[in-house]
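Work through the following exercises with the coordinates at hand, and check each step of a solution before going on to the next.

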Amino acid sequence: MPAPIRLRELIRTIRTARTQAEEREMIQKECAAIRSSFREEDNTYRCRNVAKLLYMHMLGYPAHFGQLECLKLIASQKFTDKRIGYLGAMLLLDERQDVHLLMTNCIKNDLNHSTQYVQGLALCTLGCMGSSEMCRDLAGEVEKLLKTSNSYLRKKAALCAVHVIRKVPELMEMFLPATKNLLSEKNHGVLHTSVVLLTEMCERSPDMLAHFRKLVPQLVRILKNLIMSGYSPEHDVSGISDPFLQVRILRLLRILGKNDDDSSEAMNDILAQVATNTETSKNVGNAILYETVLTIMDIKSESGLRVLAINILGRFLLNNDKNIRYVALTSLLKTVQTDHNAVQRHRSTIVDCLKDLDVSIKRRAMELSFALVNGNNIRGMMKELLYFLDSCDPEFKADCASGVFLAAEKYAPSKRWHIDTIMRVLTTAGSYVRDDSVPNLIQLITNSVEMHAYTVQRLYKALLDDISQQPLVQVASWCIGEYGDLLVSGQCEEEEPIQVTEDEVLDVLEGLLVSNLSTPVTRGYSLTAIMKLSTRFSSVNRIKKVVSIYGSSIDVELQQRAVEYNALFKKYDHMRPALLERMPIMEKTASNGPTEIVQTNGETEPSTVENGLKIDFTFERANPNPNIAVITIHATNSTEAEMTDFVFQAAVPKTFQLQLLSPSSNVVPALNQGTVTQVIRVLNPQKQQLRMRIKLTYTHKGSAVQDLAEVNNFPPQSWQ
């Protein structure tokens with residue numbers, strides 16, 4: 001049989017193919033030749049054939065028939081054969097195939113080989129695709145190599161140990177003695193992999209976390225040496241000494257310092273040095289600064305250090321790189337509840353990001369802008385956000401309108417400003433307003449007794465200009481039905497009253513009933529408004545005619561209303577004035593959205609939730625101050641996909657003071673396999689009933705989700 005072609009020739013041949021079909025034909029022809037060679041047990045060219053097979057596998061063609069040949073190459077004594085064999089095993093085998101168990105003995109022999117490069121191949125393969133059974137059998141060999149003096153083997157053994165711990169967590173303690181001297185190593189490769197190993201152990205075991213906290217001074221010393229060391233060509237990246245190791249150490253410090261005062265105190269100075277001495281002109285420096293910021297925010301750092309971290313994020317907002325700006329906005333959004341004043345200093349830069357062309361940056365900037373709104377800046381921020389609402393893409397309008405409504409309700413400086421702001425939203429983005437906004441706005445207008453005449457006049461003018469915005473038309477119809485007599489009598493004191501007759505008002509409402517732009521819901525609002533005006537206007541006969549016409553409407557809802565209203569005119573006319581009198585001031589009720597909110601004082605009752613996210617509240621008193629309630633939220637996710645970028649935000653009335661501590665994570669694991677917790681401290685000196693409005697944002701199955709809810713039914717023990 002002639003010698004098979006070399007890998008280089010195969011690559012050159014495949015690249016000459018002009019069509020997909022021609023390439024497939026070449027691959028099939030070569031695969032047939034390789035199969036024939038395998039059947040004839042050709043040891044001479046087995047290595048070459050497997051190498052070609054791996055190249056075909058990388059192109060996406062099936063290569064499973066070469067699995068056993070990889071095992072034969074691994075068993076060979078030649079290094080070139082072993083290298084291709086192990087590479088093939090890593091690419092073609094995984095723990096789902098039983099074939100991989102056949103190589104356990106070969107790997108064990110090679111881990112004890114006299115040549116370090118063969119040992120390295122075995123470590124790489126075990127660390128890449130070793131199953132739990134293989135890891136149990138070979139963990140002892142890995143632990144021995146972790147103690148060797150050979151730095152080439154130690155770094156590979158450390159990474160292999162990480163894989164073993166992930167597969168078999170109970171073997172973690174086996175590697176504990178070997179970790180003692182790892183951080184004393186001068187070789188950066190060993191240091192890097194050692195930090196990765198320590199990080200894995202700390203994340204998986206609270207006992208290990210407590211054990212390794214004593215290493216904080218040593219880690220701080222290594223990090224300080226990296227910052228202060230001069231130019232080293234071996235480790236230099238864009239003028240920074242080994243940024244990869246710096247980032248890994250910062251991540252480990254973040255884990256070790258979380259919820260621990262002593263460890264946090266020990267690392268405060270070095271974090272300040274990293275934050276001030278790192279070069280920011282290159283992306284490498286920005287990566288280190290970002291990790292530094294995350295570490296500062298997660299540990300119990302000093303207030304000055306937190307301000308420094310937020311100022312770094314503020315500088316990121318001015319960067320030309322869109323990714324860095326997005327990262328800065330996302331990080332500021334997570335910290336705004338705990339460091340509100342520090343973030344406020346960058347308000348103008350954040351608002352400028354609303355004009356960015358990038359959609360994701362605009363969304364993050366919008367969310368952060370709403371989080372920054374307070375009683376002092378409400379007028380200025382609303383001006384910017386309303387300008388954004390005018391010009392933003394349709395996908396932003398619903399969220400922006402809802403945010404404006406919530407912020408205006410909480411921080412409105414006056415009733416008139418509140419109503420003017422709502423009118424602006426309705427006329428600008430009325431079609432994008434959420435369904436629940438209409439009843440909420442009607443409730444607000446009803447409760448603002450002194451503004452009824454002004455509101456109905458503004459809404460009537462808006463109706464004359466535009467009837468395409470359905471929520472605007474619905475609110476306006478309701479208000480005209482309730483306060484039409486104030487509109488006609490011209491009792492408005494806030495602005496010059498308009499002269500309008502009863503017939504003109506009825507003409508507008510009848511126009512809504514016949515307009516093609518009106519939805520069935522809007523027609524229902526209009527017909528009810530006309531009916532209410534029968535007790536406020538003198539044109540009762542005209543109203544009777546309009547109502548009777550719709551008694552035969554093809555719209556069942558409209559027909560039913562008209563028939564009932566006709567009955568009022570005929571059989572129950574004596575009751576009509578009482579039935580149609582003005583609505584009283586409405587009391588607010590809690591309205592939890594699609595996310596279920598469960599209030600508990602300890603145990604939680606299981607429940608099903610529409611979108612899979614469930615929030616539980618537990619309560620305790622803060623000693624020695626009995627006015628502070630400590631509320632812990634527990635977020636769980638019953639869906640099959642995890643929820644990422646999870647942010648819980650809360651707002652309380654002005655008589656309360658709220659402090660939101662950092663959450664335990666921003667990822668809510670799927671299938672209730674984990675819980676995200678966050679502590680809320682509420683100061684309630686007047687012992688008033690606790691009310692809270694919450695906003696949940698997260699990403700689920702690739703799409704951003706936002707839930708709003710109001711919680712009014714906290715148990716008495718949380719506020720009394």
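**Exercise 1.** Determine which residues of helix α7 are buried in this predicted model, and which helices they pack against.

*Solution.* Begin with the extent of the element: α7 covers residues 116–129, which makes 14 residues, and from its first C-alpha to its last it reaches 20 Å, close to the 20 Å expected at 1.5 Å a residue. Next, apply the cut-off of under 20% relative accessible area, by which Val118, Gln119, Gly120, Leu121, Ala122, Leu123, Thr125, Leu126 and Met129 are buried. Finally, look for the partners of these buried residues, which are α5 (79–92), α6 (104–111), α8 (132–146) and α9 (151–167).

**Exercise 2.** Classify the ring pairs Phe388–Phe396 and Trp478–Tyr483, and decide whether their residues are buried or exposed.

*Solution.* Rings pair if their centres lie within 6.5 Å, and planes over 60 degrees apart count as edge-to-face; by this rule there are four aromatic pairs. For Phe388 and Phe396 the centres are 5.9 Å apart and the planes stand at 65°, so this pair is edge-to-face. Both Phe388 and Phe396 are buried. For Trp478 and Tyr483 the centres are 6.1 Å apart and the planes stand at 75°, so this pair, too, is edge-to-face. Trp478 counts as buried because its relative accessibility is 12%, and Tyr483 counts as buried because its relative accessibility is 1%.

**Exercise 3.** Find the ring whose face Arg35 lies over.

*Solution.* The ring is that of Phe65, with Arg35 at 4.0 Å from the ring centre.

Terms used: Residues are numbered from 1 along each chain as its sequence is written. This is a predicted model: local features need pLDDT of at least 70, side-chain atom pairs count only at pLDDT 80 or more; totals for chains, interfaces and linings use all residues. Side-chain values use heavy atoms; hydrogens and water are left out. Rings of Phe, Tyr and Trp (its six-membered ring) pair if their centres lie within 6.5 Å; planes under 30 degrees apart count as stacked, over 60 as edge-to-face and the rest as tilted. Buried means under 20% relative accessible area, exposed over 50%, partly exposed in between (1.4 Å probe, protein chains only). A charge sits over a ring if NZ of Lys or CZ of Arg is within 6 Å of the ring centre and within 35 degrees of the ring normal. Helices (H or I, at least four residues) and strands (E, at least two) are DSSP runs, numbered from the N terminus. The expected span of a helix is 1.5 Å times one less than its number of residues. Contact means heavy atoms within 4.5 Å.
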